[in-house]
Amino acid sequence: MNEPGLHDRFLRRINYLRLSITDRCNLRCSYCMPAEGVSALDHGDILSYEELLRVARVAVSLGIEKIRITGGEPLVRRGVVGFVARVGALPGLRDFSLTTNGLLLADAAASLRQAGLRRVNVSLDTLRPEVFERITRRPGLERVLAGLAEARRVGLAPIKVNVVALRGVNDGEILDFAAFAQQEACEVRFIEFMPSTADAWDGGQMLTSAEVLAVLGSRYDLQPTTNGSAAGPSRTFRLPGGGLVGVISPLSDHFCGSCNRLRLTAEGKLRSCLFSQEETDLRPLLRGAAAAGALAAALRDAVHSKPERHTVGEAGQHKCGLSMSRVGG
Ligand code: SAM
Ligand code: SF4
């Protein structure tokens with residue numbers, strides 16, 4: 001392969017890194033973690049901002065062009081705005097975003113924008129306060145809505161709202177969310193519930209993208225957008241009068257063939273596939289006396305060993321094995 005950048009054995013170009021900066025969270029979403037939360041990592045086990053930045057810098061030098069900051073809830077980690085500014089300044093970065101549950105966004109949006117963040121994805125599974133509390137086990141819908149409003153005011157754009165579609169929980173709100181996308185001129189994406197850890201997985205709640213699209217199609221003439229590459233793994237449709245809706249189907253129609261991602265957990269484990277148990281521990285390289293170039297070699301090796309596809313959802317399927325709050329979703 002002579003083309004510059006990182007390519008795996010299946011000729012996929014790997015140009016997207018998701019950096020989880022904390023395993024902690026101020027919500028307890030039922031599909032992500034148990035009610036008592038996951039036992040928090042010791043502070044010393046979490047990569048420092050300096051260490052995370054070293055990984056980001058090497059990754060960008062190898063051909064990573066897109067970075068997303070995630071968690072846990074990234075906005076609960078102290079100093080996140082300063083970190084965002086340093087990542088955003090890396091030359092060669094074309095897309096820089098953050099995924100948040102939105103609870104702390106109203107206060108942070110302006111400084112994040114000023115620090116160079118370009119856009120946010122906000123996870124919001126319901127527009128009803130009582131359902132919000134049932135899903136996240138905490139109150140807070142009003143704060144998330146205020147966060148979305150502030151993100152829009154300060155020019156973080158485009159704003160994408162991620163909704164995990166859950167049968168019997170928020171499946172009655174699919175059309176409400178489409179109306180929300182129209183009103184707010186934003187993009188709402190419905191994500192299939194993925195098996196992560198045993199206690200967070202209830203297969204009966206999983207609603208497929210086809211089911212979501214059937215509901216949307218009952219009201220709207222959905223116009224597919226042609227902007228496939230910008231949309232990433234989502235299939236996106238324009239709504240009449242403004243706004244977009246999309247579906248992300250990691251299980252029913254997996255997009256492994258075009259997967260371009262690497263993930264780094266907060267404790268420094270590099271994963272080339274969300275559902276693979278294989279990880280490369282970068283922490284010893286970051287903290288020991290590793291030779292210059294060892295980090296780059298580890299990133300290249302992880303890309304090389306990226307599996308062709310996941311088999312979750314098939315017979316004998318396995319789960320992600322880690323809470324999404326650890327892997328960053
Ligand atoms: N706390 C932030 C948030 O919620 O946006 C960032 C981390 S969270 C792990 C990232 C994304 O993963 C969220 O959009 C969340 O809805 C999604 N997620 C978590 N567990 C999931 C599951 N079991 N199936 C599908 N999506 C999941
Ligand atoms: Fe926290 Fe995000 Fe997991 Fe919800 S999905 S518990 S907000 S990490």
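**The sheet and its surroundings**

Modeller: Ile67 stands opposite Phe96 in E5. This is a predicted model, in which local features need pLDDT of at least 70, side-chain atom pairs count only at pLDDT 80 or more, and totals for chains, interfaces and linings use all residues. Residues are numbered from 1 along each chain as its sequence is written, chains are lettered from A and ligands numbered from 1 in the order written, and side-chain values use heavy atoms, without hydrogens and water.

E4 (residues 66-70) and E5 (residues 95-100) pair in the parallel sense over 4 bridges. Strands (E, at least two residues) and helices (H or I, at least four) are DSSP runs numbered from the N terminus, and two strands pair if DSSP finds at least two bridges between them.

The open sheet has 12 strands, in the order E9-E10-E11-E8-E7-E6-E5-E4-E3-E12-E13-E14, with mixed pairing.

E5 and E7 each supply at least two residues of the shell around ligand 1. That shell has 18 residues, with Tyr31, Gly72, Ser123, Met194 and Met324 the closest; a residue is near the ligand if one of its heavy atoms lies within 4 Å of it. Among the polar contacts (pairs of N or O atoms within 3.5 Å), a backbone N or O atom of Thr100 lies 3.3 Å from an oxygen atom of ligand 1.

Methods:
Polar contact = N/O pair within 3.5 Å; in protein donor to acceptor, adjacent residues only side chain to side chain.
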